[in-house]
Number of protein chains: 2
Amino acid sequence: MSDIATTGSENAHEDGHLDVVAVGNALVDVLARTTDAEISRLGLIKGSMALIDLAQSKTVYGTMGATVEESGGSAANTTAGLAALGGRAGYIGKVADDQLGAVFLHDISAMGVEMGRITPVAPSDEPGAERATGHCLILVSEDGERTMATHLGVAETLGPDDLDEDLLARGEVVYLEGYLWDQAPAQAALRRAIEVAHGADALVALTLSDPFCVTRHRREFLDLLHGDVDILFANEEEVTLLFDAPSFDGAVAAIEETGLLGALTRGSAGSVVVTASGPVAVPAEPVEHVVDTTGAGDLYAAGFLFGLTQGYDPERCARLGGLCASEVISHFGARPQADLKKLVSAAGLD
Amino acid sequence: MSDIATTGSENAHEDGHLDVVAVGNALVDVLARTTDAEISRLGLIKGSMALIDLAQSKTVYGTMGATVEESGGSAANTTAGLAALGGRAGYIGKVADDQLGAVFLHDISAMGVEMGRITPVAPSDEPGAERATGHCLILVSEDGERTMATHLGVAETLGPDDLDEDLLARGEVVYLEGYLWDQAPAQAALRRAIEVAHGADALVALTLSDPFCVTRHRREFLDLLHGDVDILFANEEEVTLLFDAPSFDGAVAAIEETGLLGALTRGSAGSVVVTASGPVAVPAEPVEHVVDTTGAGDLYAAGFLFGLTQGYDPERCARLGGLCASEVISHFGARPQADLKKLVSAAGLD
């Protein structure tokens, strides 16, 4: 700890070091409750994320009940959680110069996350190229499971030129959202981010984001595990699909062979951390009532990476991840509402 | 009940009858947690609503932590609650043709509320006259109390020409937001709304909205009680200020003298309904943990008016009000999240 007074964020550090710098799709979430029947009717697959165009977005939005809007974006949620825990986080993502873009920028800096140098893009309303801040329509079922339909908006245009390389190079961990693999310019940005990270001796973490995202990019994701990525975040379904394994245990064995650090979530069954010394299973934090699972994986990653950058052992990292996930699924929305530091302290994990 | 199939909202009625038509400031709420110290530092008074200009709004917003955005507006919340209960509601308010205006319009119609004929106003960003959809910055203290700072935006321009008189004339109750008294054009709109309501044999309900609002317009509000208003909604502090009474009991006696129907809320002490046969006290619905009191009064009015338009007795109306208020204070935000019909049924109030 430094005795030099900090200015700005309480998480700021005078040497510019950041625990995690994340790159992701900057989105505003639009949440509403729904039924499983409605999800089927809309052609969405429960529990997954679909990319939709503007016309589809208007259709889905039109069927949604009263909504709640909140800053989202998978990797952005992770940095918000990390900052809430007291970690130092940076974020790179692209928004438009519109009301929801302003909300996104306010919220991320209000959490104490350092936003990469960006120029919000002037929104366009040309027919067919209507570009605003991206949004994620989130339909929350009665059992708390969320189904997402994302219209990327200007996030779709994120490319290598949008990377704030100075910010990236300050991260101990550079955290990449698998969702970005869906767009060619973002793929190039991620490849460049990996170069910058490794040039700065940072660890590279990748989250697989979504089972369908894994199906779309399985080969590239597997290639990244050989030399590009150091830490893999995935849920049970994603990691099993990635390795085309007959079971979760098979996927765990496959990760062990790669030598990567794997943080694998299994919903209410907790998580498994795979390290050089073998897998460690950690039970989930009990939750009285699951309200909305949006952000569960993102907040798991926040807790895990906070622990990792504090030098904690893998089991403690996994418990921190589970604790943060339990907070975010106990209310509507993907950003923490409770004081995460207090929760960590109450759980004896600080 | 009609056996003619309805189109559109499940609450629609083929004869065009509406239980309640409300007029209010159409606002999007921007909520964040805060501390009492921060509220004082900002010069706000805990538990009250302050009107702020755009520069002040930017200052307050800049100090706020991560936010949640949700459609709000006191009377709009009431119509949303009424619709959630199965009532037929209409709403008149003014938004800009911007992203938050679109959110407001989506949400109110998603609740099944019939929106008055309006043309969203083209937003202006001329310095000094910057006009967008109005917003209410809501700072939620640790004890759940909310403190509000409202920038009216285009809602400030609501005047008699914005009244959809056909919609108004279809209401059994026309519900008016006291907050509107702060703007001269809106005062004129309210006076016209009262004329239209009485011309259509509707009851006129007024909510006093806020203690400072009462202080600002005490004389006019008292004048309205003589012939203009039939039902008065107020909390303990507001009604006591209105009648300049030495105590709540004094205010109850003063309402009795007017002969109006009074629905007076007292927070955790429940509510008192004042009728021609005297006052009836009803205890509050127990709430395990008060998360955020935003919308408590609005949802009380929703439950009360739903009961009233169903022909229920005053005590049952007050219990319905208390039940709806208890739902909205148990989570973040001013719109109901649980299924109000189920709650009513579980409480044996249907």
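I began at a pair of histidines: A:His135 stands opposite A:His151 in E8(A). The model is predicted, so I note that local features need pLDDT of at least 70, that side-chain atom pairs count only at pLDDT 80 or more, and that totals for chains, interfaces and linings use all residues. Residues are numbered from 1 along each chain as its sequence is written, and chains are lettered from A and ligands numbered from 1 in the order in which they are written.

**Entry 1: strand E7 of chain A**

I looked up the strands around that pair. Helices (H or I, at least four residues) and strands (E, at least two) are DSSP runs, numbered from the N terminus. E7(A) and strand E8 (residues 146-151) of chain A pair in the antiparallel sense over six bridges; two strands count as paired if DSSP finds at least two bridges between them. Five residues lie between the strands of this hairpin, and A:Gly144 there takes a positive phi near 90°.

I then checked the other partner. Strand E2 (residues 27-33) of chain A runs parallel to E7(A), and seven bridges join them. A:Ala32 stands opposite A:Leu139 in this pairing.

Is E7(A) mostly covered or mostly open? Strand E7 (residues 134-140) of chain A is mostly covered, with seven of its seven residues buried. Buried means that 20 or more other C-beta atoms lie within 10 Å of the residue's own, exposed means 12 or fewer, and partly exposed is in between, with C-beta atoms placed from the backbone. In a regular strand the side chains alternate between the two faces of the sheet. In E7(A), I found A:Gly134, A:Cys136, A:Ile138 and A:Val140 pointing one way and A:His135, A:Leu137 and A:Leu139 the other way.

**Entry 2: a residue of strand E2 in chain B**

I picked B:Leu27, which lies in strand E2 (residues 27-33) of chain B. B:Leu27 counts as buried because it has 30 C-beta neighbours inside 10 Å. Leaving out residues up to four places away in sequence, B:Leu27 touches B:Gly72, B:Gly73, B:Gly134, B:His135, B:Cys136, B:Thr150 and B:Ala155. Contact here means C-beta atoms, placed from the backbone, within 7 Å.

**Entry 3: helix H6 of chain A**

I compared the length of helix H6 (residues 184-199) of chain A with expectation. At 1.5 Å a residue its 16 residues should span 22 Å, and its end C-alpha atoms are 23 Å apart, which agrees. The expected span is 1.5 Å times one less than the number of residues.

The buried residues of H6(A) include A:Ala186, A:Leu190, A:Ile194 and A:Val196. Seen down the axis of H6(A), the buried residues fall within an arc of 165°, so they line one face of the helix; the arc is that of the directions from the helix axis to the C-beta atoms. They pack against strand E1 (18-23), helix H5 (165-169), strand E9 (171-177) and strand E10 (203-207) of chain A. The face turned away from the buried side carries the exposed residues A:Ala184 and A:Gly199. A:Asp201, which follows H6(A), has a positive phi near 60°.

**Entry 4: the nine-stranded sheet of chain B**

I traced an open sheet of nine strands in chain B, with the order E6-E5-E1-E9-E10-E11-E12-E13-E14 and mixed pairing. Its edge strands are strand E6 (114-115) and strand E14 (278-282) of chain B, each pairing on one side only. Strand E1 (residues 18-23) and strand E9 (residues 171-177) of chain B pair in the parallel sense over five bridges, and B:Val174 in E9(B) is the bridge partner of B:Val21.

Strand E12 (residues 261-265) of chain B has five of its five residues buried. E12(B) pairs with strand E11 (residues 231-235) of chain B in the parallel sense over five bridges, and with strand E13 (residues 271-275) of chain B in the antiparallel sense over four bridges. The hairpin of E12(B) and E13(B) has five residues between the strands, and B:Gly267 in the turn has a positive phi of about 60°.

**Entry 5: where the chains meet**

How many residues does each chain give to the contact? Chain B gives 22 residues and chain A gives 22 residues. H4(B) gives the most to the side of chain B that touches chain A, with six residues. Strand E4 (residues 68-71) of chain A pairs with E4(B) in the antiparallel sense over three bridges, and A:Glu69 stands opposite B:Glu69. The copies meet through the same surface, because 100% of the interface residues of chain B are also interface residues in chain A.

Key: Two residues are in contact if their C-beta atoms, placed from the backbone, lie within 7 Å.
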